[in-house]
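Visitor: I am new here and would like a friendly tour. Could you show me the structure before we talk?

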Amino acid sequence: MAARRSAATRAGSAPSTSPTASRSTSGFLDRLVEAGLAYPAFETGEELGEMRAAAQARKETYRYRQREDYDREGAHAEMRRRDASGEPYVLRFRMPDTPVHVTDAVLGEIEFDQQHTDDFVIRKADGFPTYHMAVVIDDELMGVTHILRGQEHLNNTPRHVALQQHLTHEDGTPFRTPVYAHMPLIFNPDGSKMSKRDKDKIVRKAVQSEPEAQARSLAHISQTDLDAWLADKTRQLPPASLLRLAAEFGLELPEIDVEDFRRSGYLPEALCNYLALLGWNPGLKNDDGTDLERFDKPFLCEHFALERIGKSNAKFDREKLLAFNQAAIAALPAEDFAAALHEWCERYDTGLLDALGERFVLAASAAQPRIKTLSQCREPIAFALAAAEEIRFDDKAVAKALHKGEPNGLAVLAEFRESLASIEPFDPEQIEAAVKAFCESREIGMGKLAQPLRVAITGGNVSPGLGETLGLVGRDGVLARIDRCLRDCVPA
RNA sequence: GGCCCCGUCGUCUAGUCAGGUCUAGGACACCAGGUUUUCAUCCUGGUAACACGGGUUCGAAUCCCGUCGGGGUCACCA
């Protein structure tokens, strides 16, 4: 997600993420070499390292440049010799000696002095084109018209533009330069760049800090893979392995990938809305004068425009995302919410489905207004998932709801118990009605009955609506819990 | 360090291009009240920002310069 590269194509074909132009680049390369815009270079990695170190020692920034006395004839002869013998060498692009101008839809006009970008490699010793070469050719061949990517790529753009200005097709047609739009980066709350590697980073650190553990229970990962992953911080473990390792070490991983947010119970519309607002806004007001920031995908499609993308980096605010998600959950029609929750459970918590059985829809309606993410769905109905004997009565709640006041909570409970039998059917609506009727007939406030009931059913003084609370437990369950409460919660 | 980008409440931002209507608006979070059978929701109110210094101007959050701060990037990786 941190690397938001996407591309719009003229032909409507799929954007490329891993350029596959390797086989078809040779013609482009040849024309560049013939024109002297690319040239073979024979330094070894070691030699380059030394040159770099030497520049460093002189406190200069190292840049590879074609030598003043570059012997083209000799170099080409050497190139042909190596081609014949199979010895490796690289091809470099000669950066033009005029500044490169980049027009960015977000940042505006930017001038890059060619002095600061070197003659970069476009074909590696292994014969494959580098990323820079491959994307430019790939995008051109696919008819890409817009390139939206993270600002981290801004410094690559002069290379790409320079390449576009010098590359030609077989028939001599020049390359086009697509519209570039560099988007602000997304940061973690601590200010570090939000990265797909963040999760690996956390787990790697934990594994490294506990050497004994490395040999312990990591059987699901081969030693070779583990060592490689431990040694290379750009390497990522498969998601399943990572999740398992995190669990073994008791680590909480941040949500990074879309799948992470799905697992955590965020609704697609909420994530999409929040993300769209990070670095962009429609610039419109609601009727009450507040900024318009809650919107759906059709709205986004209609109003999104490159011009209103911000330039500065943004921190990813989970609190606000949570608020958006809570609102999105609350806004769903009950049936839709139940369906969404059911789907989530099928994927991540089938145990809850089994435990709830036919009570699922009722549980969903009880949870809907009280949760911020689908993954919190067990919390508000936890009492209904426990057996009557497992309910632990909270001392404070018991004292407040059952022992204090007049009439005494226990007495009200005992009395209400007798009217349970007549509630028919035993559903939220009838339960609520019965509770109301009971209170009116005794001329007591709703709280006088509601709170003792809550304590009896859940052990505490917080629960969903009474109808839902009692309904979830069922008539027999309610009777059992009231009896247990009446027996166990008498004042000392 | 070189180069590039950025700098409005704690966070995301409106306002900046076309200087006055900005004693700087909204959202999230936070605090205080209120509604409600608890919780959640909902309603009302509140705390809180133009990084700093010069300049231009009758007037600057808005234009210019400098400083400071943050970030990105400097590979035969993508």
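Guide: Welcome! A definition to begin with: two strands pair if DSSP finds at least two bridges between them. Helices (H or I, at least four residues) and strands (E, at least two) are DSSP runs, numbered from the N terminus. This is a predicted model, in which local features need pLDDT of at least 70 and side-chain atom pairs count only at pLDDT 80 or more, while totals for chains, interfaces and linings use all residues. Residues are numbered from 1 along each chain as its sequence is written, chains are lettered from A and ligands numbered from 1 in the order in which they are written, and side-chain values use heavy atoms, with hydrogens and water left out.

Visitor: How many bridges join strand β7 to β8?

Guide: Strand β7 covers residues 144-150 and runs parallel to β8. Within this pair, I147 stands opposite Y180 of β8. The number of bridges joining the two strands is five.

Visitor: How many of the residues of β8 are buried?

Guide: Buried means under 20% relative accessible area, exposed over 50%, and partly exposed in between (1.4 Å probe, protein chains only). Strand β8 spans residues 179-183 and is mostly covered. Of its five residues, the number buried is four.

Visitor: Which residue of β3 stands opposite Y39?

Guide: Strand β3 takes in residues 90-93, and four bridges join β2 to it. These two strands run antiparallel. The residue of β3 opposite Y39 is R92.

Visitor: At what angle do helices α11 and α13 pack?

Guide: Two packed helices are described by the angle between their axes and the distance between the axes. Axes are lines fitted to C-alpha atoms, for helices over the stretch in contact, and angles run from 0 to 180 degrees between N-to-C directions. The axes of α11 (residues 268-277) and α13 (residues 318-331) are 8 Å apart. The packing angle is about 140°.

Visitor: What word describes how α11 lies to α13?

Guide: Angles under 35 degrees count as roughly parallel, over 145 as roughly antiparallel, 65 to 115 as roughly perpendicular and the rest as oblique. The angle here is about 140°. That makes α11, relative to α13, oblique.

Visitor: How many salt bridges are there?

Guide: A salt bridge is a side-chain nitrogen of Lys or Arg within 4 Å of a carboxyl oxygen of Asp or Glu. One of them joins R58 to E60, with the closest N and O atoms 2.9 Å apart, and E60 is partly exposed at a relative accessible area of 44%. By this rule, the count is 25.

Visitor: Is R82 buried or exposed?

Guide: R82 forms a salt bridge with E78, where the closest N and O atoms are 2.7 Å apart. Both lie in helix α3 (residues 72-85), four residues apart, about one turn of the helix. With a relative accessible area of 15%, R82 is buried.

Visitor: Which residues are joined with R263 into one network?

Guide: R263 forms a salt bridge with E259, the closest N and O atoms being 3.4 Å apart. They are separated by about one helical turn because they sit four residues apart in helix α10 (residues 258-263). Salt bridges that share partners join R263 into one network with K199, D257, E259, D260 and R262.

Visitor: With which side chain does that of T469 make a polar contact?

Guide: A polar contact is a pair of N or O atoms within 3.5 Å; within protein, one must be able to donate a hydrogen and the other to accept it, and residues adjacent in sequence count only if both atoms are side-chain atoms. T469 lies in helix α22 and is buried, with a relative accessible area of 0%. At 2.9 Å, the contact is with the side chain of S463.

Visitor: What distance separates the C-alpha atoms of D488 and V136?

Guide: D488 lies in helix α22 (residues 466-488) and counts as partly exposed at 41% relative accessibility. Its side chain makes a polar contact with the side chain of R487 (3.2 Å). D488 and V136 are 352 residues apart along the chain, and their C-alpha atoms are separated by 76 Å.
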